[in-house]
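Have the viewer open and follow along.

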Amino acid sequence: MFDQVLGLPVQALVTHLVVVLGPLAALAAIGYAARPAWRYALTWPTVALAVSTGVTSFVAAQSGQALEQRLLTTQAALASRAGRLIVAHASAGTRMRLIGLIFMVVTVVIVLWVLPATPRQRNVTDPVRRQRRSIALLAAGVLVVAGLGVLVQVTVTGHSGARAVWSGIG
């Protein structure tokens, strides 16, 4: 299922979705966290992009494992420079899968339940307002860190993949 589509590796196709959707989702989440005025407009795009990032990260990692098994069938292939680069990229892809899935869950929970885009409540007692503000700041911070994690891991994984593909050319 995760190996090939029409003779092309699924991993090569899905990876490009992660590379595009992951940073867009991260930037939307960071914008959602940092700018409360943008939350109403960013709610559903942020949720959709986060879910897409989680799903495509999972599919890219699973299909990457299938491709890795097909490419590294012998001990000699595994020991070669290209083999070591493929293994390094697979390790980065596994981390991206984990970070993508965590980002998806964290973003959906924070955007839909912890920091929903709602009108301000005016008749709230001062201690309750302070408590809600503290929770909102903590949630926003977690969302920013999750978004930065996706940006960093997409970059690391993409770079290791590019090295694995292009290192022997030129």
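Before anything else, a word on what counts as a helix here: helices are DSSP runs of H or I with at least four residues, and they're numbered from the N terminus. Keep in mind, too, that this is a predicted model.

With that settled, the protein chain has five helices and two strands. Going from the N terminus, the order is β-β-α-α-α-α-α. The radius of gyration comes out at 20 Å, well over the 15 Å that the globule rule gives for 170 residues, so the protein chain is more spread out than a compact globule. You can see that in the box as well: along the principal axes, the C-alpha atoms fill roughly 70 × 30 × 25 Å.

Now for the packing. Start with helix 1 (residues 10–34) and helix 2 (residues 39–71), whose axes come within 7 Å and cross at roughly 150°. Angles over 145 degrees count as roughly antiparallel, and helix 1 and helix 2 are therefore roughly antiparallel to each other. Their crossing is left-handed. As for what sits in this contact, its residues split into 17 nonpolar, twelve polar and one charged.

Move on to helix 2 and helix 4. Here the axes come within 8 Å, with a crossing angle of roughly 160°, so this pair is roughly antiparallel too. The crossing of helix 2 and helix 4 is left-handed, and the contact residues are made up of 18 nonpolar, eleven polar and two charged.

What about helix 1 and helix 4: how do their axes cross? They come within 11 Å and cross at roughly 40°. Angles under 35 degrees would count as roughly parallel, but helix 1 and helix 4 are therefore oblique to each other. Helix 1 passes helix 4 in a left-handed crossing.

How much space lies in the second largest pocket? About 740 Å³. There are 30 residues lining the second largest pocket, and those closest to its centre are Gln 11, Thr 15, His 89, Gly 161 and Val 165. Which helices each supply at least two residues of the lining? Helix 1, helix 2, helix 4 (81–114) and helix 5 (126–166) do. By type, the lining of the second largest pocket divides into 16 nonpolar residues, twelve polar ones and two charged ones.

How values were computed. Residues numbered from 1 in each chain as written. Predicted model: local features only at pLDDT ≥ 70, side-chain atom pairs only at ≥ 80, totals over all residues. Heavy atoms only, no water. Axes fitted to C-alpha atoms, helices over the stretch in contact; angles between N-to-C directions. Parallel < 35°, antiparallel > 145°, perpendicular 65-115°, else oblique. Left-handed = near helix turned anticlockwise from the far one by under 90°. Nonpolar A, V, L, I, M, F, W, Y, C, P; charged D, E, K, R; others polar. 1 Å grid on protein atoms, 1.4 Å probe; cavity = no way out; pocket = protein on both sides within 12 Å on 5 of 7 lines; lining within 4 Å. Points joined across faces, edges and corners; volume = space filled by probe spheres on them. Rg over C-alpha atoms; globule rule 2.2 N^0.38 Å.
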